[in-house]
Amino acid sequence: AGLSAALTVLDRGGTVVVLEKQGHLGGNSAWASSGVNAVDVNNTKSGDSVASFTADTLRGAQIPNSTLIPVLTAGSVDSLAWLRSRLAENLELDLVGQMGGHSFPRTHRPSQGLAGSAIIFALEKQLKKYLHKTHDGGAQYELRKWTRATSILTSSDGATVAGVSYGSGAAKGPD
């Protein structure tokens with residue numbers, strides 16, 4: 001989510017510094033193998049829907065209701081569309097499978113490699129395009145590896161986030 005947010009901010013003209021506590025991007029996401037669970041509204045043959053995805057997720061969570069699960073499942077439509085359009089140059093989610101607990105095939109993944117590492121690779125390729133210098137001499141995008149956020153800085157009234165404090169060095173302790 002962080003790299004996608006960074007890319008969206010950059011696409012809109014902002015400046016971003018990404019802090020990565022490891023020596024490589026993606027953390028545990030790089031090891032995700034199954035794929036992206038999402039409803040593809042363009043695949044009318046599948047019979048899938050946001051309502052079915054919501055019902056499957058509620059059943060899997062073993063809860064009768066949730067205010068967050070419908071947000072997740074409805075948002076999956078736009079998330080899949082964004083991945084396919086924004087990362088099309090380096091990512092093809094060409095396989096769709098039906099995983100445990102799903103009523104319909106909705107797990108989208110590349111035909112080669114781990115889904116997570118393929119997505120991280122595609123995001124990294126797009127982010128690197130923003131390493132160029134801006135008109136004021138600074139870079140629009142900066143990546144600081146082996147750097148951990150240590151606290152969130154807020155405005156004096158505490159209403160908005162103003163930034164983070166950070167420290168360099170190898171990450172220690174649980175994530």
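**Surface, salt bridges and interior**

Biologist: Is Y166 buried, partly exposed or exposed?

Modeller: Please note that the model is a predicted one. The relative accessible area of Y166 is 42%. Buried means under 20% and exposed means over 50%, so Y166, at 42%, counts as partly exposed.

Biologist: Which element contributes the largest share of the nonpolar patch?

Modeller: The patch on the surface is formed by I152, V161, V164 and Y166, which together have about 400 Å² of accessible area. Y166 has its place in strand 7. The largest share of the patch, 3 residues, comes from that element, residues 161–168, which is strand 7.

Biologist: How is the chain built, and in what order do the elements of the protein chain run from the N terminus on?

Modeller: The secondary structure of the protein chain comes to 4 helices and 7 strands. The C-alpha trace spans about 50 × 40 × 30 Å along its principal axes. From the N terminus on, the order of the elements is α-β-β-α-α-β-β-α-β-β-β.

Biologist: How many residues apart in sequence are the parts that D11 and R86 tie together?

Modeller: The side chains of D11 and R86 meet in a salt bridge, with 2.7 Å from N to O. D11 lies in helix 1 (residues 2–11) and R86 in helix 3 (residues 69–86), so the parts that this pair ties together are apart in sequence by 75 residues.

Biologist: Which residue forms a salt bridge with K129, and is that partner buried or exposed?

Modeller: The closest N and O atoms of K129 and E89 are 2.6 Å apart, and the two residues form a salt bridge. K129 lies in the loop between helix 4 (115–128) and strand 5 (141–145), while E89 lies in the loop between helix 3 and strand 3 (95–97), so that the pair links distant parts of the chain, 40 residues apart. K129 is partly exposed, at 45% relative accessible area.

Biologist: Which residues are linked in a network of salt bridges?

Modeller: A search of the whole structure finds 7 salt bridges. One of the pairs is R144 with E142, whose closest N and O atoms are 2.6 Å apart. The network of linked salt bridges is made by D48, D56, R59 and R106.

Biologist: How do the residues of the lining of the largest cavity divide into nonpolar, polar and charged?

Modeller: Rolling a probe the size of a water molecule over the atoms shows where empty space is left. The count comes to 1 cavity of 30 Å³ or more, and the largest cavity has a volume of about 40 Å³. Its lining consists of A38, V39, D40, N43, S46, D48, V96, P105, R106 and H108. These residues divide into 4 nonpolar, 3 polar and 3 charged.

Biologist: Is S66 buried or exposed?

Modeller: S66 lies in the loop between helix 2 (50–61) and helix 3. Its relative accessible area is 17%, and because buried means under 20%, S66 is buried.

Biologist: What distance separates the C-alpha atoms of S66 and S165?

Modeller: Along the chain, S66 and S165 are 99 residues apart. The separation between their C-alpha atoms is 34 Å.

Key: Residues are numbered from 1 along each chain as its sequence is written. This is a predicted model: local features need pLDDT of at least 70, side-chain atom pairs count only at pLDDT 80 or more; totals for chains, interfaces and linings use all residues. Side-chain values use heavy atoms; hydrogens and water are left out. Patches are made of residues with over 30% relative accessible area and no salt bridge: like charges are joined within 9 Å, nonpolar side chains (Val, Leu, Ile, Met, Phe, Trp, Tyr) within 5 Å. Accessible areas come from the Shrake-Rupley method with a 1.4 Å probe; for residues, only the protein chains shown count as cover. A salt bridge is a side-chain nitrogen of Lys or Arg within 4 Å of a carboxyl oxygen of Asp or Glu. Helices (H or I, at least four residues) and strands (E, at least two) are DSSP runs, numbered from the N terminus. Buried means under 20% relative accessible area, exposed over 50%, partly exposed in between (1.4 Å probe, protein chains only). On a 1 Å grid over the protein atoms alone, a cavity is a set of points where a 1.4 Å probe fits but cannot get out, and a pocket is an open set with protein on both sides within 12 Å along at least five of seven lines; lining residues have an atom within 4 Å of a point. Grid points are joined across faces, edges and corners, and a volume is the space filled by probe spheres set on the points. Ala, Val, Leu, Ile, Met, Phe, Trp, Tyr, Cys and Pro count as nonpolar, Asp, Glu, Lys and Arg as charged, and the others, Gly among them, as polar.
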